[in-house]
Every structure is written in C-alpha cells, then in structure tokens.
Amino acid sequence: MFNKLVPAAAATAALFLTQALPAAACGGLIAPNGAIRLDRATTLVEWHNGVEHYFTSFSYHGEASSFGWIVPLPAVPTKVEEGGGWTLQRLFRETHRQPQILQLFAAPRDAASGDVEVLQQVQVQALDITVLRGSGQGVLDWASQNGFSIDAETHAHILQYAKGSPVFMAAKYNAARAQKQRLLFGDGAPVLITLKVPHPWIPFEVLAAGQQVQADLYLLSDKPVNTSEWRALIGASGVGTNVAGAEGFTLKFQEKMTDSLYHDLSTDKNMSWVRRDSWLTYLSLDAPDSKVTYDMSVTPMGVVKVAPFGTKPMAIVDGGVAADKPADVPTAPMGTATTLVVIAFVLGAALLILKPRNA
C-alpha cells in the first residue's frame, strides 16, 4: 500500500518544505521499496464563490533521494504555486494552544503519452510538478515513461480515481535542487493550488499507506462547519464531534477569524486571498489506513460529507451519495442552541407560575 497516490496538497492534505510543523496533504509517497514513509499530512482549504484554495504540505522520513507522488484533483487548476512559508505553523499554533538508494526517476521523456495531456509544469522549491488530464491508463503510461515506480495497488487506485475526475497532479522530488536550496530532507514543499469548483473537495483515501493515517485539515469558510445537519440548523457547535462515516476524523477547534490570525495569514507569501470574515475550523484524522477509504466535501449548509474514493468530486454533495437539503435552507448562528434552551426554560417557568391553581 506504500507506493500510493499522494496529494502534494491534500496535494492534502494538501494541504500541506522547510517547515517545522508536521505536514496535507495527503498520501503515500511513491518511492523505491518503501524507502520513504509519510509522517503526517497538513492541509488548508478555503472555498468562496466557486474558488477553492488548496494549500498542503507533508513531512516524511527515509533514505531515498528520489521519490514523488500522483494526486487526483477535482478540476484543472487555474494556478499551482508555492504557498506561504509560515501559514501552516501559524494555524497549528492557533488551534493547539498550548537500504540501497535506487534511481526512481528516469530522464524526462516526451510529455505526450497516449490519451493524456500535460496542462501545466511548475517548480515549487525542490518539487517538479506536472498537471495532467486524461484517462487513468493514459496517466499511468505517462508516469511510467517519466520514471514513476507504479506497483499494482497504485495502478488500481489511479484507475479508480480516474472514474471520478480525469485531472491529476504528479510531483517528484529533485534532490539536487534541494541541496542547492539547502532544504532539509524530511520536509516537503508548501504547494498552493487554486481551482474553480462548485464545492470544496479534499482527497483523503490517498493518505492510506499501510500504516496509521494521521492528518490535519484546516478549513476557512463563510459559515461555521459542522458534522451534522441538525447541529447546523439549530446553531449548535460541532467541536468535539466525529464526521459521520469516518472513524477517527474529529472536529477539534473552531473560531471566527481573529485580527491577529488574519494579519499573519494574509501577509504570508501568495496568501492575500485569505478573508477577514472567515471561520477557521480544524479537523484531525487519526485512524487505521484500512478505514480511510473516502474523500471529503462540504455542503452549502457547512456540513462535512464523505464518500467512497473514486466518487465524482462534486457528487459527494450534489448527487447519489447522500441527499442534501437545498442550499437556501437557513442555518442558525453559532450559540443559537444555548439561546433556545434558555428561552424554553424561561417560558416553561412562566407557564408554571401562571398556570391556574385549583381552588
């Protein structure tokens, strides 16, 4: 399971590097003989008016000098670039108060391969990133021709993800450039992907890599995020609750964007899109890899939904997987539940006092 898809986000988670913070985005690294292991994925996702910002990084350990990953995307990115240098560490601080090296990548080949199209090629620190569009087999053929080591399980997962979306991001680690830039081995690069999609989408199944999956997900949203529709409707906080159908996936923290956090995030590199009126939500995943078989979205009501990987990204909310209430169904402000309890208590007491007594 180790030679797997990896979001240089989510790509994941993401997410998610010369970062001290354990790092989103998501996935099992493609490396010779499992020589590289994923430590933790960290991802920040912001969605507003049809645009998703997907910022991810991850930490890893091992001995190979050459490795990479292939990650599914819900749409063709409008931009792939380096993310902020301190954003993920700042979010962490806000929400956690107190063997033989093999040559994995061959020399670059001709970009075209069967029914696959190379859409973008960029460099982010020590990463060479290529955005592809095509059939699952076309992506596999391209990966093989460009030196990616694909095992049977990875092969099957790419074909499955291709049923949901034909867009992938392939990234490989350039050890020579990392050495020139004096980057520390074990820390990934902060990758920021901008996409136009109707709903936010985060791949999680790609994190499962034959080990315990540990990941951090930060969401910036227009309204509070919740784990159930009834809590969203009455304005009850979802902090401390688990996402339905996702073992070990817990909503840990939530707050309205503070002035200090807004300043720190929005002034980081390429992070001017952060909005002052956002809500910050932190979710933590800690589960066996056999249980992480899903990807994630958020409904217009702000409810986290998961569906089996390979589901069309927008179908998690829009169709087939779970019936969702219309987007215009109002949600109560946070704290409404407590207010309703107080009102009910006062009314009940008043009724008891005013109730006619028998002579």
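Predicted model: local features only at pLDDT ≥ 70, side-chain atom pairs only at ≥ 80, totals over all residues.

Residues are numbered from 1 along each chain as its sequence is written, and side-chain values use heavy atoms, with hydrogens and water left out.

Entry one, the sheet around β13.

I looked up how far strand β13 (residues 294–298) is covered, and found that five of its five residues are buried. In a regular strand the side chains alternate between the two faces of the sheet. I find that Y294, M296 and V298 point one way from β13, while D295 and S297 point the other way, and all are buried.

I count two strands as paired if DSSP finds at least two bridges between them. On that basis β13 belongs to an open sheet of three strands in the order β9-β13-β14, with antiparallel pairing. I note β9 (201–203) and β14 (304–308) as the edge strands, each pairing on one side only. For angles I use lines fitted to C-alpha atoms (for helices over the stretch in contact), and the angles run from 0 to 180 degrees between N-to-C directions. The twist of this sheet averages 25° from one strand to the next.

Three bridges join β9 to β13; in them I see W201 opposite S297 and I202 with M296 as its bridge partner. I record β13 and β14 as a hairpin with five residues between them, where G302 in the turn has a positive phi of about 90°.

I traced a second open sheet, whose four strands follow the order β3-β7-β6-β5 with antiparallel pairing. Its edge strands are β3 and β5, each of which pairs on one side only. Neighbouring strands in this sheet are turned by 20° against each other on average, direction ignored. Between β6 and β7 I find seven bridges in the antiparallel sense, with D128 opposite K172 in β7.

I take contact to mean heavy atoms within 4.5 Å. Helix α2 packs on this sheet, touching β3, β5, β6 and β7, and its direction makes about 150° with that of β6. Within α2 (residues 136–145), I list G136, G138, V139, L140, W142 and A143 as buried. Their cover includes β3 (68–73), β5 (116–124), β6 (127–134), α3 (152–162) and β7 (167–173). After α2 comes G147, with a positive phi near 90°.

Two packed helices are described by the angle between their axes and the distance between the axes. For α1 (residues 87–95) and α6 (residues 259–266), I read axes that come within 9 Å and cross at roughly 165°. That makes α1 roughly antiparallel to α6, a label I give to angles over 145 degrees. The contact brings T87, R90, L91, R93 and E94 of α1 against S260, L261, D264 and L265 of α6. By class I have three nonpolar, two polar and four charged residues in this contact.

Strand β10 (residues 212–221) is largely enclosed by the rest of the structure, because eight of its ten residues are buried. I find it paired with β12 in the antiparallel sense over ten bridges, and A215 stands opposite L285 in β12.

Most residues other than glycine have a negative phi, and most peptide bonds are trans. N49 is exposed, with a relative accessible area of 65%.

I also noted N270, with a positive phi near 60°, in the loop between α6 and β12 (279–288). N270 counts as partly exposed, at 32% relative accessibility.

Methods
Helix = DSSP H or I, 4+ residues; strand = E, 2+ residues; numbered from the N terminus. Parallel < 35°, antiparallel > 145°, perpendicular 65-115°, else oblique. Nonpolar A, V, L, I, M, F, W, Y, C, P; charged D, E, K, R; others polar. Buried < 20%, exposed > 50% of the residue type's maximum accessible area, 1.4 Å probe, protein only.
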